[in-house]
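Let us walk through this structure together.

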Amino acid sequence: MNGGPSGFNNAPVTRAFIIASALFTIFFGIRGRSSKLGLSYLDIFGKLRLWKLIVSVFAFSSTPELMFGLYLLYYFRVFERQIGSNKYSVFILFSVIVSLLFEFLALALLKDPAVNLVTSGPYGLIFASFIPFFFDIPVSTWFRVFGVRFSDKSFIYLAGLQLLLSSWKRSILPGICGILAGSFYRLNVFHIRKAKFPEFVTSFFPRLSWPTMGSPPSAPTRNIVGSAPSYAGRRVERNYPSPMPSSVEPPEDSIATLVSMGFDRNSARQALVQARNDINVATNILLEAQAH
């Protein structure tokens, strides 16, 4: 399933979070302390270990968890492109705090001082992201495998299921807490979906993360063919079908699908018009235009 244009264009917050998660995991793995990560009852209600609380937000406790976790975080960058880096920062903070509160509640109820009941890693953010993924990302293709029907979203769900069951009970608990946090955000508790940080806060993320390889970010709104050089414009017109009459509007679900991939709404509409509502051709037009 395509999560939009490749790389971290228009997703600096996601890039910074993924880099931090990878560095924390590698650091504790090299020092052989991965097995000590995670939260227990004593870590919170005994002698508060603030370092474990902070590390549990970023560092995974094993390599398989790191692989699946970073893959999901990378895919979910589509939400940052949809709502903007500022509001996505609020979503991250809200998801992390609310999921941690639910984890504290679970630890208080279970009261088992012997083991780390909650595995380490950004489970709260990842599984909170499955709520908008379920409701806001439309299915674009269906296919069958041995008679079983799957969609292009199935691969993301399977990756999430693998991560959820990676440490069995220790990973299921923070996964459920993340889903609850995402549900609260979806319900707009405390009008959280309207909250924004001051612009100077989110402006730091592009400076903190490594530069993205590939083409630079494109302008938010542009003419798909007209803004490219004349040679490129002629080539696009030659390879793709001529536009539909202006009176025929592209379906709203097709526009929503392209927007969910990270493209600008106006550009998506223009591409669909040119592609005669063929969403695959429209995607190629958008990617080709972005390359210029």
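Is Arg49 buried, partly exposed or exposed? Arg49 is partly exposed, because its relative accessible area is 41%. Here buried means under 20% relative accessible area, exposed means over 50%, and partly exposed lies in between (1.4 Å probe, protein chains only).

A word on the source. This is a predicted model, in which local features need pLDDT of at least 70 and side-chain atom pairs count only at pLDDT 80 or more, while totals for chains, interfaces and linings use all residues. Residues are numbered from 1 along each chain as its sequence is written, and side-chain values use heavy atoms, with hydrogens and water left out.

Now to the partner of Arg49. Side chains of opposite charge can pair when their charged atoms come close. Arg49 meets Asp43 in a salt bridge, at 3.3 Å from N to O. The term salt bridge stands for a side-chain nitrogen of Lys or Arg within 4 Å of a carboxyl oxygen of Asp or Glu. Asp43 counts as buried, because its relative accessibility is 1%. Salt bridges also link Asp43, Arg49 and Lys52 in a network. By this rule, the count comes to five salt bridges.

Move along the chain. Glu249 forms a salt bridge with Arg269, and their closest N and O atoms are 2.6 Å apart. Glu249 lies in the loop between α13 (230-239) and α14 (252-260), and Arg269 in helix α15 (residues 265-274), so this pair ties together parts that are 20 residues apart in sequence. Helices are DSSP runs (H or I, at least four residues), numbered from the N terminus. Glu249 is partly exposed, at 45% relative accessibility. Arg269 is partly exposed at 29%.

Another pair is Glu252 and Arg265, whose side chains meet in a salt bridge at 2.8 Å, N to O. Glu252 lies in helix α14 and Arg265 in helix α15, so the pair ties together parts that are 13 residues apart in sequence.

Last, the crossing. The axes of helix α3 (residues 50-58) and helix α6 (residues 85-110) come within 12 Å and cross at roughly 120°. These axes are lines fitted to C-alpha atoms over the stretch in contact, and angles run from 0 to 180 degrees between N-to-C directions. That makes α3 oblique to α6; angles under 35 degrees count as roughly parallel, over 145 as roughly antiparallel, 65 to 115 as roughly perpendicular and the rest as oblique. Leu53, Ser56 and Val57 of α3 make the contact with Val96, Leu100 and Phe104 of α6. Contact means heavy atoms within 4.5 Å.

Technical notes: Helix = DSSP H or I, 4+ residues; strand = E, 2+ residues; numbered from the N terminus.
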